[in-house]
Amino acid sequence: MSSMLPAHAQAAAIPRSDTQAAAARIEAIARTGCNVLAARVDTLPGNAPVLLRSYDNSRGQGAPDLLPLRSAAFTYDNALAVIALLACHRRSQAERIGAALRLAAMNDTRLRDAYRAGIVAGDKPLPNGWRDPDSGRWIEAAQRYAGAYQDGSSCGNVAWAALALLALHHTTAEGRWRDAAVHLARWVVEHAADTRGAGGFDGGIESYLLVPRKAAWKSTEHNIDLVAMFEWLQRIAAPGGDWQAQARHARRFVDAQWDAASGHFWMGTTADGVTPLRSPSALDVQLWAQLLPNAPKPWRRALHWIERMNSVKGGFDFTDDRDGLWTEGTAQAALVYRWTGNAARANALFVSIAQQASPGGFLYATPAPRITAVYSYYRHQPCLAATAWAVIAALDRNPYLPPNMHRANTPPHASPAHAGHPTLQ
């Protein structure tokens with residue numbers, strides 16, 4: 001905690017009681033995270049749209065050494081940054097990132113999973129790439145297998161971009177944000193709606209070496225995101241579709257992935273769109289389901305599941321191989337525990353989260369050299385998504401809902417450490 005507070009404030013900022021100490025720690029995480037996210041936007045001069053680089057290097061600041069990540073701005077990460085900045089009351093910075101996402105949504109042929117970080121000077125963000133150190137030639141990320149994922153269009157990432165735009169619409173009442181979210185939602189319906197098995201929506205578009213193809217598998221996490229997106233559109237009576245029907249379509253798939261016998265969700269399906277993927281145990285699936293406003297109480301059993309299968313010292317791992325702490329997922333868990341009224345568990349996780357601060361301000365994705373994700377890895381690099389999730393959790397902001405909405409069965413101030421949000425200007 002002390003490393004995250006100004007030196008002159010440290011002595012006065014550490015209260016004697018555990019409850020006060022927990023509240024001070026959470027406030028420090030929020031304030032520090034808000035400041036670093038806003039500063040990253042403000043580093044890019046003017047008011048033009050921007051996208052933030054998703055990772056710093058392992059030394060704590062500056063661009064990553066791995067070429068495909070040197071200038072990569074992942075869409076999901078930047079959508080989280082918008083939601084976090086709005087929770088921080090940093091509207092101008094949130095709007096600059098939101099404007100870049102809106103340009104990508106409206107002017108690209110499809111919303112990509114990543115773009116090039118920096119100021120967006122044209123009518124849409126540039127594709128990511130890097131300069132080859134041997135030839136000096138510019139390499140598009142999509143032309144190399146190491147960066148090919150960035151050219152895909154995952155339905156979950158599309159949903160998160162739409163949720164960020166809807167959060168901007170809620171804050172500003174400007175129709176341009178809603179209309180861009182509607183555009184993304186209609187793309188999902190047109191390109192990913194599926195009738196196999198329990199229905200729902202498939203993975204979107206995979207693009208390897210500039211050859212796009214339909215992702216026939218389905219993700220429970222994606223469909224949870226889509227339920228939230230469609231329900232938000234229905235709630236505000238957005239034009240352009242029967243959003244209630246689309247929300248039900250996604251929700252049927254989510255319901256079908258709940259395994260009552262074990263008390264957790266399957267991660268999704270294989271490419272046949274029907275057969276459940278029973279391994280690994282993905283942390284975010286179990287957590288994000290709890291944030292839906294009408295989540296059934298039996299789904300809370302998934303929290304017991306992750307405590308058995310994904311827990312590591314200080315927090316949670318992405319998968320059940322438990323090879324290290326995943327900061328982003330640990331912040332997600334802290335939010336869910338707060339949202340479900342379990343302040344004690346949340347407070348313990350915030351202790352670990354506070355310890356992940358890097359010299360550049362972002363939180364490390366993991367304190368371990370490398371941990372296993374699903375088909376990839378997280379490394380000891382400062383991470384935009386981890387930082388944004390920590391802010392979202394510290395400010396008790398459910399990204400699936402407008403800020404003024406709370407679950408009907410959970411009082412908004414249920415936890416003793418939830419003593420109101422500090423002013424973070």
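Analyst: R251 is buried, at a relative accessible area of 14%, where buried means under 20% relative accessible area, exposed over 50% and partly exposed in between (1.4 Å probe, protein chains only). This is a predicted model, in which local features need pLDDT of at least 70 and side-chain atom pairs count only at pLDDT 80 or more, while totals for chains, interfaces and linings use all residues. Residues are numbered from 1 along each chain as its sequence is written, and side-chain values use heavy atoms, with hydrogens and water left out.

User: What is R251 in contact with, leaving aside its neighbours within four places in sequence?

Analyst: Contact means heavy atoms within 4.5 Å, and on that basis R251, apart from those neighbours, touches V227, N294, P296 and W299. R251 itself belongs to helix α8 (residues 243-256), helices being DSSP runs of H or I with at least four residues and strands runs of E with at least two, numbered from the N terminus.

User: How many salt bridges does the structure hold, and which residue meets R40 in one?

Analyst: Side chains of opposite charge can pair when their charged atoms come close. A salt bridge requires a side-chain nitrogen of Lys or Arg within 4 Å of a carboxyl oxygen of Asp or Glu, and the structure holds 19. In one of them R40 meets D56 at 2.7 Å, N to O; R40 lies in helix α2 (residues 18-42) and D56 in the loop between β1 (50-51) and β2 (72-74), so the pair ties together parts 16 residues apart in sequence. D56 also forms a salt bridge with R53 (2.7 Å, N to O).
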